[in-house]
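Biologist: Before the discussion begins, may the sequence and the structure be placed on view, please?

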Amino acid sequence: AAKGGLKMLTRNICSEYGEYNIQCNGIGPGYIATPQTAPLREPQADGSRHPFDSFICAKTPAGRWLDPAELTGPAVFLASEASNAVNGHVLYVDGGILAYIGKQPK
């Protein structure tokens, strides 16, 4: 619900302030390899992968967790003049997982 609220807030700010040349966009990160997610990515005691790690790698077309540095380019783009015509958008930087989730199995 919170993510949906932020998406709608982004759209509302866009519609309220766009006429003043103020853009409001968001970045929707996917699953990022951070110290906080490390326990999910480490091999289990028996050498197997954590079930959530297996799920993320299987359902993300990139086949892996994302590196935090991969958010840099999208952030720089949205902060630059190159994105002047982009407004009210959430840019998903997720390795393609949103495109894949819900897809019927083969």
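**Salt bridges and their surroundings**

Modeller: Arg64 is partly exposed, as its relative accessible area is 37%. Please note that this is a predicted model.

Biologist: With which residue does the side chain of Arg64 meet in a salt bridge?

Modeller: A salt bridge requires a side-chain nitrogen of Lys or Arg within 4 Å of a carboxyl oxygen of Asp or Glu. For Arg64 the N to O distance is 2.8 Å. The partner is Glu70.

Biologist: Is Glu70 buried or partly exposed?

Modeller: Buried means under 20% relative accessible area, and exposed means over 50%. Glu70 has a relative accessible area of 31%. Glu70 is therefore partly exposed.

Biologist: How many salt bridges does a search of the whole structure find?

Modeller: One of them joins Arg64 and Glu70. Another is formed by Arg49 with Asp53, whose closest N and O atoms are 3.0 Å apart. The search of the whole structure finds 2.

Biologist: How are the rings of Phe52 and Trp65 arranged towards each other?

Modeller: The structure holds 5 aromatic pairs. In the pair of Phe52 and Trp65, the ring centres are 6.2 Å apart and the planes stand at 65°. Planes over 60 degrees apart count as edge-to-face. The arrangement of Phe52 and Trp65 is therefore edge-to-face.

Biologist: How many residues apart in sequence are the parts that this pair ties together?

Modeller: Phe52 belongs to helix α3, which covers residues 51-59. Trp65 belongs to the loop between α3 and α4, the latter covering 72-79. The pair therefore ties together parts whose separation in sequence is 13 residues.

Biologist: Which residue of this pair is buried?

Modeller: Phe52 has 28% relative accessibility and so counts as partly exposed. Trp65 has a relative accessible area of 8%, which is under the 20% limit. The buried residue is Trp65.

Biologist: Which residue lies over the face of Trp65?

Modeller: Trp65 also takes part in a cluster, in which ring pairs link it with Tyr31, Phe52 and Phe55. The residue over the face of Trp65 is placed at 5.8 Å from the ring centre. That residue is Arg41.

**Contacts between parts of the chain**

Biologist: Is Ile32 buried or exposed?

Modeller: Ile32 is located in the loop between β1 and α2. Leaving out residues up to four places away in sequence, Ile32 touches several residues, including Trp65, Leu66 and Leu71. Its relative accessible area is 12%, so Ile32 is buried.

Biologist: What distance separates the C-alpha atoms of Pro29 and Glu70?

Modeller: Pro29 is located in strand β1, residues 26-29. Pro29 is in contact with Leu71 and Val93, when its neighbours within four places in sequence are left aside. Along the chain, Pro29 and Glu70 are 41 residues apart, and their C-alpha atoms are separated by 9.5 Å.

Biologist: What distance separates the C-alpha atoms of Ala79 and Cys57?

Modeller: Ala79 is located in helix α4. With a relative accessible area of 68%, Ala79 is exposed. Along the chain, Ala79 and Cys57 are 22 residues apart, and their C-alpha atoms are separated by 30 Å.

**The surface and a loop**

Biologist: What is the area of the nonpolar surface patch made by Tyr17, Tyr20 and Ile22?

Modeller: Tyr17 lies in helix α1, which covers residues 2-17. Residues in a patch need over 30% relative accessible area, and Tyr17 has 41%, which makes it partly exposed. Together with Tyr20 and Ile22, Tyr17 makes a patch of about 330 Å².

Methods
Residues numbered from 1 in each chain as written. Predicted model: local features only at pLDDT ≥ 70, side-chain atom pairs only at ≥ 80, totals over all residues. Heavy atoms only, no water. Patch = residues over 30% accessible without salt bridge, like charges linked within 9 Å, V, L, I, M, F, W, Y side chains within 5 Å. Areas by Shrake-Rupley, 256 points an atom, 1.4 Å probe, with all protein chains shown as cover. Helix = DSSP H or I, 4+ residues; strand = E, 2+ residues; numbered from the N terminus. Buried < 20%, exposed > 50% of the residue type's maximum accessible area, 1.4 Å probe, protein only. Phe/Tyr/Trp six-rings, centres within 6.5 Å; stacked < 30°, edge-to-face > 60°. Lys NZ or Arg CZ within 6 Å of the ring centre and 35° of its normal. Contact = heavy atoms within 4.5 Å.
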